Amino acid sequence: EKHGAQGVRLLSDIDDTLYPNFGDRRQWALREGFYPGVVEFYTAITGTPPPGRARITLISARPEDRLGLLEAHSGSSLRARGLPPHTILSGSVWTLASIAPGSVGERAVEEIGAEKLEDFATWSELMAEFDFIISGDRTQADHVLAAEALALEDGRVLAGFIHDVGTAPIREAPRLYYNATVLGHAADALAGGWIDQEGLARVRDAVLRGREAGAYPPELRGALDSDLARAGDLLPERE
């Protein structure tokens with residue numbers, strides 16, 4: 001079938017994209033939950049899949065085990081946290097070693113990004129009926145993957161949304177967005193036509209609940225206020 005016939009499939013990293021782990025050492029108060037608004041943002045992009053189908057694929061730098069126990073454990077844990085139906089693609093032991101704290105250099109980031117791109121190119125051939133949006137962060141080369149994938153000639157990658165955490169050099173590309181909060185992603189996605197105002201409103205409301213619960217670290221207050229103001233400009237006034 002023509003690509004995009006079944007809509008958008010979201011390709012997402014896990015650590016420091018769904019919740020803080022390897023690279024995001026700020027003091028979040030998430031109580032084992034996701035970054036505020038992540039579930040609502042992903043649902044706004046993919047819609048509600050048919051029963052038994054997944055429109056979210058998680059790409060992990062954690063090592064693959066032959067029995068699939070890691071994938072099974074991660075999947076049940078993420079579902080328990082509220083993530084919609086999804087599948088998981090594992091990485092390699094070398095990749096995991098490369099993201100250990102203090103070991104990531106610029107060369108390693110480029111190599112990890114190239115490995116993820118190769119995996120994506122192979123895997124996406126099995127998903128010819130979908131277009132793709134990539135979500136990740138700068139701690140595990142997801143921005144390199146997204147920049148290179150956006151440059152592929154088939155045009156199947158629509159956009160990339162990067163959680164702006166980590167020290168790796170930024171890679172610029174059209175339709176590649178860096179934000180400190182998920183709400184910033186949602187505002188850019190609305191402008192790009194990948195979600196609607198209702199989706200942005202749901203993300204905004206989730207972020208507001210997170211702020212009221214004290215989930216955000218102090219250093220993100222300025223970025224959060226800015227993204228809330230930007231979302232407010234894009235949404236109709238509440239009655």
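Reply: Tryptophan 194 is buried, with a relative accessible area of 18%. Buried means under 20%, exposed means over 50%, and partly exposed lies in between (1.4 Å probe, protein chains only). This is a predicted model, where local features need pLDDT of at least 70 and side-chain atom pairs count only at pLDDT 80 or more, while totals for chains, interfaces and linings use all residues. Residues are numbered from 1 along each chain as its sequence is written, and side-chain values use heavy atoms, leaving out hydrogens and water.

Now look at the rings. The count comes to 11 aromatic pairs. The rule: rings of Phe, Tyr and Trp (its six-membered ring) pair if their centres lie within 6.5 Å. Planes under 30 degrees apart are stacked, over 60 edge-to-face, and the rest tilted. Tryptophan 28 and tyrosine 35 make an edge-to-face pair, 4.9 Å centre to centre with 65° between the planes. Both tryptophan 28 and tyrosine 35 are buried.

Back to tryptophan 194. What is its ring pair with phenylalanine 161 like? That pair is edge-to-face too: 6.2 Å centre to centre, with 80° between the planes. Phenylalanine 161 lies in strand β5 (residues 157-163), and tryptophan 194 in the loop between α6 and α7, so the pair ties together parts 33 residues apart in sequence. Here helices (H or I, at least four residues) and strands (E, at least two) are DSSP runs, numbered from the N terminus. Phenylalanine 161 is buried, with a relative accessible area of 0%. Ring pairs also link Phe41, Tyr42, Phe161, Tyr177 and Trp194 into a cluster.

Helix α6 (residues 182-192) packs against helix α7 (residues 197-212) at about 170°, with the axes 9 Å apart. Axes are lines fitted to C-alpha atoms, for helices over the stretch in contact, and angles run from 0 to 180 degrees between N-to-C directions. That makes α6 roughly antiparallel to α7. The cut-offs are under 35 degrees for roughly parallel, over 145 for roughly antiparallel, 65 to 115 for roughly perpendicular, and oblique for the rest.

Which residues meet? From α6 come Val182, Leu183, Ala186, Ala187 and Leu190; from α7 come Gln197, Leu200, Val203, Arg204 and Val207. Contact means heavy atoms within 4.5 Å. By class, the α6 and α7 contact has eight nonpolar, one polar and one charged residues. Ala, Val, Leu, Ile, Met, Phe, Trp, Tyr, Cys and Pro count as nonpolar, Asp, Glu, Lys and Arg as charged, and the others, Gly among them, as polar.
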